[in-house]
Amino acid sequence: MQTSAPGDPEAAEVLPQHKFDYRSLEAYLNQHLPGFGADPGAKLTVTQYRLGQSNPTFYLQKGFQGYVLRKKPPGSLLPKAHKIDREFKVQKALFSIGFPVPKPLLYCSDASVIGTEFYIMEHVQGRIFRDFTIPGVSPAERSAMYVAVIETLAQLHSLNVNSLQLEGYGIGAGYCKRQVSTWTKQYQAAAHQDIPAMNQLSDWLMKNLPDSDNEEKLIHGDFRLENIIFHPKESRVIAVLDWELSTIGHPLSDLAYLSMFYFWPRTVPMISQGSYFQENIGIPSLEELISIYCHCRGINSILPNWNFFVAFAYFKVAGILQGVYSRYLLGNSISGNSFQFANVVQPLAETGLQLSKRTFRTTLSQIDTTRELFIQTRRGQEVLTRVKFFMKQHILPAEKEIIEFYVQNENSVDKWKKPSVIDKLKEMAKAEGLWNLFLPAASGLSQVDYALIAEETGKCFFAPEVFNCQAPDTGNMELLHLYGSEKQKQQWLEPLLQGSIASCFCMTEPDVASSDATNIECSIQKDGDSYVVNGKKWWSSGAGNPKCKIAIVLGRTKNTSSARHKQHSMILVPINTPGVEIIRPLSVFGYMDHLHGGHFEIHFNQVRVPATNLILGEGRGFEIALGRLGPGRIHHCMRTVGLAERALQIMCERAAQRVAFEKKLYSHEVVAHWIAESRIAIEEIRLLTLKAAHNIDTLGSSGAKKEIAMIKVAAPRAACKIIDRAIQVCGGAGVSQDYPLANMYALARTLRLADGPDEVHLSQIAKLELMDQARSLRAKV
């Protein structure tokens, strides 16, 4: 937050390229601005606001009077940009009707005074927030401030242009087409390199213009939080700033521009260096803001072509930032961070392309939370609804085609490849924003949110991959996100998050009991500026995937520490490194698990990698493993709940279809009891999964150790029983390729070993329980 007051702290020394003749300005204002020369002995001081990216803005102080000056930038400018006379005209019209803008005082078209045209307005004292999360206020005040902002925008869009005497201020009809054309030309004039995504997005926008491109409302053009001044103590808007891009056009362009922070990619820094969107801090959901806006304007909250306006907002801001970087290259940029914008144009354009393909819901959904013990966030509810729809419309109908692909290619060289429909589904999911949902830093979802989403994806064996939420990549991405260096993240995490590569995790070894991970013998030894890896690994899941490019290897490093859990380290090993030998795939109950890249035995023979590939440091392997396996284990359990639900569904369908001994199978008491016991078991493991997820959200992985261990035991056990009952009800068909039950059983049974066998977790649960009981006893004493 910044407070604009006399001697405004946001203003600093004038940049050399923006200096002008202060004496000439003072003489002009003494003559033309009433009250400016009231104190002849007062000295005029001039400072410059640094956070703007467009027209240079200055704080003028003379005696006790404060003013703001806006002028054109010096030097060569893009055509039709920086028309400050329009700013002055619209502010004057708005101020005359009481709309919150600074009072415009004087416009000077004489460039000889300070080198360019300029205008003067009153200095408004209040609060400006550069960070859209509005830090330093309560959630209730934050919510009230956002309501005030959206009500102000609705008020602007409800004004009658003719009554403002702004006829000719903009053409109006055809606004969207003109804007796409204008910003395309602005971008092309400023572009320093070819960015295909910008060209593709421009083409898409021009081909998908709204049918109702005839709205004629006064729009701001750059309506965002940092252009708002709030009352010093109240949640009230007292001024809207920076009207440079204002015109007559479609009001939804303003609304979409304000809404950009909801979709901002977390791999791209916020322009204002602020925080990313967070749930549960008082910021209304997008649907809530739209509902308030539409209510204030008296229009339907179902907004046609909303994806066009959101995609256009990203195209526009990418074009603006390209222009800022161009001015930086010319040496007349205002902001000190302008050089950074060269690297954000492409990801913003790619985000715009993805949003252009997304199906949006702009109305408030009615969520029944009366039966929920662990409440989802509003965003979690919205994403779950979209995942369910995507599963029903796209994933489940493709299940048969994908199974047939692997049956036909079982003995083919293509058996490790993926059917083309998987790639199509992944592109659709990414476009819908249903991507990397497992990682809170990328998705903005809580663990409770993701628990219910993962349950849904667990109902189909290939669904997690469609959403880039498949093991072992999820665990590896979490590991790199938490513990990787910046270089490691850039080289490996970013492409994993994009889905352009895959990975494997090498921990278990064939020659030792790996359930006690301190037995791991694979060596990682320092040799100059390299590490040399030697050892045998197996059950390295995903290694057969043609896109698998990197392995994370756990091994023993020479360490004088006697602590058993500080003798191992983790290191990144590219799969194509000399000495990495893929030995053989391992079957699971006869299944090769081709879709997920199989499970392989891999030998590392004098494998040399740079020392910078070591993750976090020597002897920290178990510390990393605990951080990786905590969320990873619960993700398996989340999906297992969905697996059990699918098995129960198959059981019930079969029991309702088949007749034995003159009655439906469900009429036999034993089958009815199986159905009932299965439902009870699913509800139990779902609640325990949600409790573990809730504890991770509130206490962290270390504070949820017992619940994670409990659900890791309970979920696969329950699923195995339910799937076994479903097989019994289906009879011979249950173990055939006509049903997914046999494959489901193999998966569920394997989970009783993966990420630690049941017995290890049971020992951990007992240890933690005894400690809790001992603490309770001591407390009573």
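**Loops, helix packing and rings in a predicted model**

User: Where does Pro472 lie?
Analyst: Pro472 is in the loop between helix H15 (463–466) and helix H16 (473–483). Helices (H or I, at least four residues) and strands (E, at least two) are DSSP runs, numbered from the N terminus.

User: Before we go on, what are the ground rules?
Analyst: This is a predicted model, where local features need pLDDT of at least 70, side-chain atom pairs count only at pLDDT 80 or more, and totals for chains, interfaces and linings use all residues. Residues are numbered from 1 along each chain as its sequence is written, and side-chain values use heavy atoms, with hydrogens and water left out.

User: Back to the proline. Which residue does a cis peptide bond join to Pro472?
Analyst: Ala471. Omega for that bond is about 0°. Most peptide bonds are trans.

User: And H16, how many of its residues are buried?
Analyst: Nine of the 11, so H16 is largely enclosed by the rest of the structure. Buried means under 20% relative accessible area, exposed over 50%, partly exposed in between (1.4 Å probe, protein chains only).

User: Which ones are they in H16?
Analyst: Asp473, Thr474, Gly475, Asn476, Met477, Glu478, Leu479, Leu480 and Tyr483.

User: Ile134, buried or exposed?
Analyst: Buried, at a relative accessible area of 0%.

User: And what's the phi of Trp539?
Analyst: Positive, about 55°, and Trp539 is not a glycine either. Trp539 belongs to strand S15 (residues 530–541). Trp539 is partly exposed, with a relative accessible area of 33%.

User: Now packing. How do H3 and H7 cross?
Analyst: The axes of H3 (residues 139–157) and H7 (residues 286–297) come within 9 Å and cross at roughly 40°. That makes H3 oblique to H7. Angles under 35 degrees count as roughly parallel, over 145 as roughly antiparallel, 65 to 115 as roughly perpendicular and the rest as oblique. Axes are lines fitted to C-alpha atoms, for helices over the stretch in contact, and angles run from 0 to 180 degrees between N-to-C directions.

User: Which hand is the crossing of H3 and H7?
Analyst: Right-handed. A crossing is right-handed if the near helix is turned clockwise from the far one by less than a right angle, and left-handed if anticlockwise.

User: Which residues make that contact?
Analyst: From H3: Tyr146, Val147, Ile150, Glu151, Leu153, Ala154 and His157. From H7: Leu289, Ile292, Tyr293, Cys296 and Arg297. Contact means heavy atoms within 4.5 Å. By class there are nine nonpolar, one polar and two charged residues in the contact of H3 with H7. Ala, Val, Leu, Ile, Met, Phe, Trp, Tyr, Cys and Pro count as nonpolar, Asp, Glu, Lys and Arg as charged, and the others, Gly among them, as polar.

User: What about H14 and H19?
Analyst: H14 (residues 447–457) and H19 (residues 669–699) have axes 8 Å apart and pack at about 145°. Their crossing is right-handed. Gln447, Val448, Ala451, Leu452 and Glu455 of H14 meet Arg686, Leu690, Ala693, His694, Ile696 and Asp697 of H19. The contact of H14 with H19 holds six nonpolar, two polar and three charged residues.

User: Switching to rings. How many aromatic pairs?
Analyst: The count is 21. Rings of Phe, Tyr and Trp (its six-membered ring) pair if their centres lie within 6.5 Å; planes under 30 degrees apart count as stacked, over 60 as edge-to-face and the rest as tilted. Take Phe308 and Phe312: their ring centres are 6.3 Å apart and their planes are at 5°, so the pair is stacked.

User: Where are Phe308 and Phe312?
Analyst: Both in helix H8 (residues 306–330), four residues apart, about one turn of the helix. Phe308 is buried at 2% relative accessibility, and Phe312 is buried at 4%.

User: Which residues do ring pairs link into a cluster?
Analyst: Phe132, Tyr146, Phe261 and Tyr262. Tyr146 is also one of the H3 residues in the contact with H7.

User: Last one. What is Val580 in contact with?
Analyst: Beyond its neighbours within four places in sequence, Val573, Pro574, Ile575, Ile602, His603, Phe604 and Val607. Val580 is in strand S18 (residues 580–585) and is buried, at 17%.
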